[in-house]
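Here is a set of questions and answers for someone meeting this structure for the first time.

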Amino acid sequence: MRYHARWVLPITQPPIENGTVVEADGRITYVGPSADAPPGPDCELGDAVLLPGLVNAHTHLELTAMRGFLEDLCFTDWIDRLRRSRNDVLAPEILLDSAMLGIAEGLEAGVTTYADTCSSGVVLRAMREMGVRGIMYQEVFGPDAARADIAMGDLARLIDQLAGGQTDLVSLGVSPHAPYTVSDALYEKASAFAAERNLPLAMHVAESEAERQLVADGQGEFAVGLKRRGIGVARRGRTPIALLEARGALERGPLLIHCVRVDDEDIATIARHSCSVAHCPASNAKFGHGIAPLLPLLGAGVRVGLGSDSVASNNRMDILDEARL
Ligand SMILES: [Zn+2]
């Protein structure tokens with residue numbers, strides 16, 4: 001089939017006006033001017049831009065059903081209500097439907113590749129069934145260091161169960177969730193596990209002031225919540241990025257999600273470890289977390305991708321809209 005469009009954007013070369021993309025047996029066999037395209041049946045797209053599928057560098061597809069459910073809450077209340085709702089209300093089959101709905105919505109917006117952090121493990125199947133490409137980073141939680149081995153046992157079992165479902169298009173990774181839900185011991189164990197299994201890592205980090213306070217001072221809203229649960233808190237590092245480096249979590253250049261609260265030293269650390277960053281401007285704005293230092297990150301040579309985050313923290317999934325922000 002020959003797809004003709006007013007503009008074709010190969011990305012690896014300049015835009016082509018009046019361009020054609022030819023597909024045969026699921027493979028692209030020609031990209032170039034319409035006038036030079038090989039013969040075949042035609043599909044006229046008209047006044048359109050034809051470009052490769054977009055990559056969403058950070059999603060929580062299983063939470064798509066939660067759109068509008070968590071509005072007007074402060075971040076700590078939002079996290080708390082999200083966790084309780086996901087665990088108590090949403091059954092696995094609902095989470096699977098929710099993830100597939102999220103992928104359908106993403107496809108509408110041109111997203112064909114996802115870096116998804118997932119608690120339930122359903123997104124690998126959802127991506128496979130919907131025919132998209134992506135990595136599902138299986139989340140692991142546990143702020144209490146005494147329970148790190150239990151959390152790791154659960155993670156290893158889930159990864160073993162899911163591993164057979166990987167294909168050329170979809171694969172697994174590991175995601176120790178965030179500094180306020182992951183103990184230092186769990187960071188070390190999850191990083192070692194990912195290295196041993198050769199799985200990529202992704203982590204939420206340096207997102208909020210409350211997170212920075214918890215790590216740098218052992219204080220703030222997250223510290224209060226952890227103390228209430230009987231979990232001891234103390235200073236853990238100069239910054240959340242410094243904490244991850246000290247625990248060996250940056251060794252294999254993970255995907256770092258958010259990186260709003262990072263200073264020059266952190267940016268140098270991120271670059272030194274060849275980490276990539278998922279920049280989620282709409283989610284950061286919705287919570288009032290601030291604006292990630294995009295230009296200094298890019299200036300340091302860090303690879304930055306755009307992410308929508310979940311629709312519970314961003315009411316849409318449109319990477320071009322994220323780019324406009
Ligand atoms: Zn997220």
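Predicted model: local features only at pLDDT ≥ 70, side-chain atom pairs only at ≥ 80, totals over all residues.

**Reading the terms**

Q: How many aromatic pairs does a search of the whole structure find, and what makes the rings of Tyr 180 and Phe 222 stacked?
A: The search of the whole structure finds one aromatic pair. Rings of Phe, Tyr and Trp (its six-membered ring) pair if their centres lie within 6.5 Å, and planes under 30 degrees apart count as stacked, over 60 as edge-to-face and the rest as tilted. The centres of the Tyr 180 and Phe 222 rings are 4.0 Å apart and their planes are at 5 degrees, so the pair is stacked.

Q: Why does this pair tie together parts that are apart in sequence?
A: Tyr 180 lies in the loop between strand 8 (170–176) and helix 5 (184–197), and Phe 222 lies in helix 7 (residues 221–228), so the pair ties together parts that are 42 residues apart in sequence. Helices (H or I, at least four residues) and strands (E, at least two) are DSSP runs, numbered from the N terminus.

Q: Why is His 177 called buried, and which residues is His 177 in contact with, leaving aside neighbours within four places in sequence?
A: The relative accessible area of His 177 is 8%, and therefore His 177 is buried. Found in the loop between strand 8 and helix 5, His 177 is in contact (heavy atoms within 4.5 Å) with residues including Glu 139, Phe 141 and His 204, leaving aside its neighbours within four places in sequence.

Q: How do you know whether Asp 25 and Ala 206 are buried or exposed?
A: Asp 25 has 82% relative accessibility and so counts as exposed, whereas Ala 206, with a relative accessible area of 0%, is buried. Asp 25 sits in the loop between strand 2 (16–24) and strand 3 (27–33), and Ala 206 in the loop between strand 9 (202–205) and helix 6 (209–217).

Key. Residues numbered from 1 in each chain as written. Heavy atoms only, no water. Buried < 20%, exposed > 50% of the residue type's maximum accessible area, 1.4 Å probe, protein only.
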